[in-house]
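This report goes through the model shown below.

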Amino acid sequence: MDAIILQILNGLDKGSAYALIALGLTLIFGTLGVVNFAHGALFMIGAFCAVSLSRLLQLSYTTIDETQKDFLGKPLKVETAYVESWFGPELGSAIIDWAVPLAILLTIPVMLFVGYAMERGLIKHFYKRPHADQILVTFGLAIVLQEVIKYFFGANPIPTPAPSAYVGSLDFGVMLGFDPNVIIYPYWRLVYFLFSLIIIGAVFAFLQFTTFGMVVRAGMADRETVGLLGIDIDKRFTLMFGIAAAVAGLAGVMYTPILSPNYHMGMDFLVLSFVVVVVGGMGSLPGAVLAGFLLGVLQSFASMNEIKAIIPGIDQIIIYLVAIVILLTRPRGLMGRKGVMED
Amino acid sequence: MFGLDKKDTKFLWIVIALTMLTPILLNPFPTDSGLAQFNAGYPALMQRFAIYGLMAIGFNILFGLTGYLSFGHAAFLGVGSYAAVWMFKLLSMNVIPAIILATVVAGLFALVIGYISLRRSGIYFSILTLAFAEMSYRLAYSVFTPITNGETGLQIKLDDPRVLDGAATDGALPVPGLFGLNMNSTYTVDLGAWSFDLNAGYYFCAVIAVLGFYMSLRIFRSPFGMMLRAVKSNQNRMNYTGLNTRPYTLAAFVISGMYAGLAGGLLAAMDPLAGAERMQWTASGEVVLMTILGGVGTLFGPIIGAGFIKYCENIFSKINENILHDWFSFLPDSLESVVVWFFARFVGEGWHLTLGVLFMLIVIFLPGGLVEGGQRIAAWYRNRGKSEDKATKQPAE
């Protein structure tokens, strides 16, 4: 029992990331009908927003402190971050410590802009082209973005820690009445899971309860009619692209303490996210979220030693195996609509 | 000739001539000139041209004709490589049984995967093939380590049984060969300042690639090819006329899987080493890119695409900043450093960036691939001649 709960918890954080990326992919696909292979790159850009902010905040100047001596007896060089000198040492170090959550504030406008620029500058010209062309051009864009990031940040993973308050683990088992130290769950993963729930909830609420969202949903169902009603649906879809990019970016920002960002993390997540989208059903937002969590949890179950002992290698292939089984038994994925992407 | 009409025969002869003269055509610059680094006529690269060209031809039979976009073709390449290396280990270093087994095994593998995947179409088919290929890749790394030798990769060893020619080895690792002709033996022709490498392995690959090209030419022109095209243009209508398209698409899938397996076998024949990374999804993506870059559904496009990508990969990645400084040394110093900095981002380590940018440019401006670009230039050239004719005639009237 405790092992099962532990594995479910372990699967949730990965599942959250899958769900967020797949949600963005589905938003883009459902609104614009574009298969966006650069979505993994957007996830990566989000992660590197966090890296840049934490580096920016740590920018410091060096002063020579005559009162302190280092081990050679010379005056000690003291590095003081600009932030600390502006806001005072306590608030300043707190700001540096909280760089990753603060990066959310930076990421939202950056990603909205990136998404907007991508849609207006590139994707717009590909609405009427075949899906293969869309895949190829966004794949090319993903390579370009990846290489640009590699130039600025290098090829090695950059560790970006969570705020010190969230380092460490929560003894989750005690809350449920198990013995201590049986179910231990890192705080940050819990934060990530809750964060993703908030984002997912916000996106759904936005689509469900605002006039704007209503128009977008109408446009997803029948774009032409909405256009005939005199609504500039393109403009709204462009904004939705920006929002989808922001969702991917936020997923990336908050994921940095779990996985040190490197330039190819986008590609690593991209394929899995596509599998998630297809398993959930192309064009279905709830399907994407459901499939994301489902595959995340299944993956963590498959990596249990007990299960690996029965079926060796299952942890490596479980996602693909599930995808194959679901696609063959439920042709449109878990919650897919009829006639989407079938020709 | 060869069951082709006149135009296709001519086309085939051109392709044969081009492949046979490749070592010469790709070395247009004298060996000691500054441009020699653009020479692509060295054996390892030419072999890759032929092998990946062959693979792209096969992929084009599936994707170009039926429109089914497979994202898992690298799996067949990998399986072919493993099969060929096992043949080297167990039977003999002769390449013929190795590539035959590679083709057959890949064909069987494709039959199984195709039978399941072809139940779905569109992106679902792509994801199914992708899932199968990733599963093969991951299993090759983990569970199948006894067969695949995991991360180290499968290699030949001195103590392999090699039933037919096991005794022939004398302390050194044997080299794959064709009845005694070693695949890595190279005959270098020095002609003045030029030098051309005539490599046995390349010519072996080239002959097989030409045969593969001929096969695909026949398929394109056959009723079977017509049927595949019909599947691409409207599968529903085919079904409504009471025709079951599945056997045709499955046949196309298996054929293109066998091409990929053959290519994998040849890769192993050139360098008897097989690793799982050949099966990764990026490798599958590369074949898709080659085909689309060259021109989907055209006969010659995939070969151009394969050559283009392999050329960029090998040549651009070799250029470094010093070479760039040499090139731009005629510029004023301040300008030179800026220009060199700019171009240095695109070469060496950054050749992926070049690749990405080129993809985007080609997809945006030349949806039909490089072949379409060539046709456009040819058409423009012809029209220009015509309009000049008109221009000269009109005043006379």
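The bend at a residue is the angle between two fitted axes, one through the seven residues ending there and one through the seven starting there. Helices (H or I, at least four residues) and strands (E, at least two) are DSSP runs, numbered from the N terminus. This is a predicted model, in which local features need pLDDT of at least 70, side-chain atom pairs count only at pLDDT 80 or more, and totals for chains, interfaces and linings use all residues. Residues are numbered from 1 along each chain as its sequence is written, and chains are lettered from A and ligands numbered from 1 in the order in which they are written.

Helix 1 of chain B (residues 6-25) bends by about 40 degrees at B:T19, with a proline, B:P23, following within four residues. B:T19, B:T22 and B:P23 of this helix are buried. A residue is buried if 20 or more other C-beta atoms, placed from the backbone, lie within 10 Å of its own, exposed if 12 or fewer, and partly exposed in between. The cover over the buried residues of helix 1 includes helix 2 (43-66), strand 5 (194-199) and helix 7 (200-221) of chain B.

Chain B contains 16 helices and six strands. Its radius of gyration is close to the value from the globule rule, so chain B is as compact as a globular protein of that length. The radius is taken over C-alpha atoms, and the rule is 2.2 Å times the number of residues to the power 0.38.

| Property of chain B | Value |
|---|---|
| Radius of gyration | 23 Å |
| Span of the C-alpha trace along its principal axes | about 80 × 60 × 45 Å |
| Buried residues | 45% of the 397 residues |

In chain A, helix 9 (residues 211-221) and helix 11 (residues 233-255) pack at about 105 degrees, their axes 10 Å apart. The angle makes helix 9 of chain A roughly perpendicular to helix 11 of chain A (65 to 115 degrees). Helix 9 contributes A:F212, A:V215, A:V216 and A:G219, and helix 11 contributes A:I233, A:R236, A:F237 and A:M240.

The contact between the chains takes 30 residues from chain A and 33 residues from chain B. Two residues are in contact if their C-beta atoms, placed from the backbone, lie within 7 Å. On the side of chain A that touches chain B, helix 6 (131-153), helix 12 (265-280) and helix 15 (314-329) each supply at least two residues. Helix 6 of chain A gives the most, with ten residues.

Note on methods
Axes fitted to C-alpha atoms, helices over the stretch in contact; angles between N-to-C directions. Parallel < 35°, antiparallel > 145°, perpendicular 65-115°, else oblique.
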